[in-house]
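Please keep the sequence and the structure in view while reading.

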Amino acid sequence: MNNFCWLLLAVLGISVVLQPAGATDEPNDMIINKTDKSLTLIDEAGRTVTVSLPVKRIISGDYRQMEALLAIGAKDMIVGVDSNFHHQMPYFGLKDLPEIGKHAAELNYEQLALLHADIIMLPLWQGSKAKEITENMPNATVVVLGLSSRDTLIPELQIMGQLLGKESEADKLIKWIKKYDGIVEERTKDLKPQDTPTFFYEYMSDLNTKWSAISPSDPSAGRAAEGCGGRNVASDLKP
């Protein structure tokens, strides 16, 4: 599959929702220093991390990261994935990629050691495991960058472009996202509340299979629908 197809599939999987006012497009406040041999950054968990360059082997600790990684051309760098990736995204055709466990909560350290990764990527909700993984895997650098939240996606893509030598590919994806953000904004800017369709979205909210309505605090599906002109009937619910 060519790079354009990866790009299209990846962005279709990322919720197209207008960036909130607090979001940033610039990674400058996350990158501390970069040389030909290393890049030092502050990751999503507030950790100062130095990554040796070039990065050649990546383990993804969350299946949602894979969309963006594939979209910027990192397919051949990925050596291990969250087991949910094969269940949730079989259409990418990467069934032979080794599984490192189900999220960071159930890691297979023997498998991790065999994969000789340069970086292990975790989303913020798994960030509490970063210290443990670092202690058990001293030859790999743990980086907490989810690559899935629209609040942080663009600066994280810019950072990953620099980490992986994929700056032009990351810029292309960012322009694609901004293009459709603009289309959505243009088509919805004059909508009045009474003219917008209502929606209700329910999702499993924790590991104990508790289901709840999506409120405005939800960073994904609820915000995507609202950003596209929907009206959330659960908007008054407490998080």
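A residue is called buried when its relative accessible area is under 20%, exposed when that area is over 50%, and partly exposed in between, with a 1.4 Å probe and protein chains only. Helices (H or I, at least four residues) and strands (E, at least two) are DSSP runs, numbered from the N terminus. The model is predicted, so local features need pLDDT of at least 70 and side-chain atom pairs count only at pLDDT 80 or more, whereas totals for chains, interfaces and linings use all residues. Residues are numbered from 1 along each chain as its sequence is written, and side-chain values use heavy atoms, with hydrogens and water left out.

Two strands pair if DSSP finds at least two bridges between them. β2 pairs with β1 (residues 31-34) in the antiparallel sense over 3 bridges, and Ile31 has Leu41 of β2 as its bridge partner. The hairpin formed by β1 and β2 has 3 residues between the strands. β2 also pairs with β3 in the antiparallel sense, over 5 bridges, and Leu39 stands opposite Val51 in β3. Here the hairpin has 5 residues between the strands, and Gly46 in the turn has a positive phi of about 80 degrees.

The next topic is the nonpolar core, defined as a set of buried Ala, Val, Leu, Ile, Met, Phe, Trp, Tyr and Cys residues joined through side-chain atoms within 4.5 Å. The largest such core has 41 residues, of which Leu157, Met160 and Leu164 touch the most other members. Among the elements that give two or more residues to this core are β2 (38-42), β3 (48-52), α6 (153-164) and α7 (167-188). The most comes from α6, with 7 residues. Contact means heavy atoms within 4.5 Å. Leaving aside its neighbours within four places in sequence, Met160 is in contact with Leu69, Ile72, Ile119, Met121, Leu145 and Leu147. Another core, of 15 residues, lies apart from the largest one and includes Ala130, Ile133, Met137 and Ala140.

Helix α6 itself is mostly covered, with 11 of its 12 residues buried. The expected span of a helix is 1.5 Å times one less than its number of residues. For the 12 residues of α6 this gives 16 Å, which agrees with its end C-alpha atoms being 16 Å apart. Gly165, whose phi is positive, near 70 degrees, follows α6.

Where does Thr196 lie? Thr196 is found in the loop between α7 and β10 (198-199). Thr196 is counted as buried because its relative accessible area is 11%. A polar contact (a pair of N or O atoms within 3.5 Å; within protein, one must be able to donate a hydrogen and the other to accept it, and residues adjacent in sequence count only if both atoms are side-chain atoms) of 3.1 Å joins the side chains of Thr196 and Arg231.

Finally, rings of Phe, Tyr and Trp (its six-membered ring) pair if their centres lie within 6.5 Å; planes under 30 degrees apart count as stacked, over 60 as edge-to-face and the rest as tilted. The whole structure contains 3 aromatic pairs. Phe85 and Phe92 are stacked, at 6.2 Å centre to centre and 15 degrees between the planes, and both are buried. Tyr91 and Phe92 are tilted, at 5.0 Å and 50 degrees.
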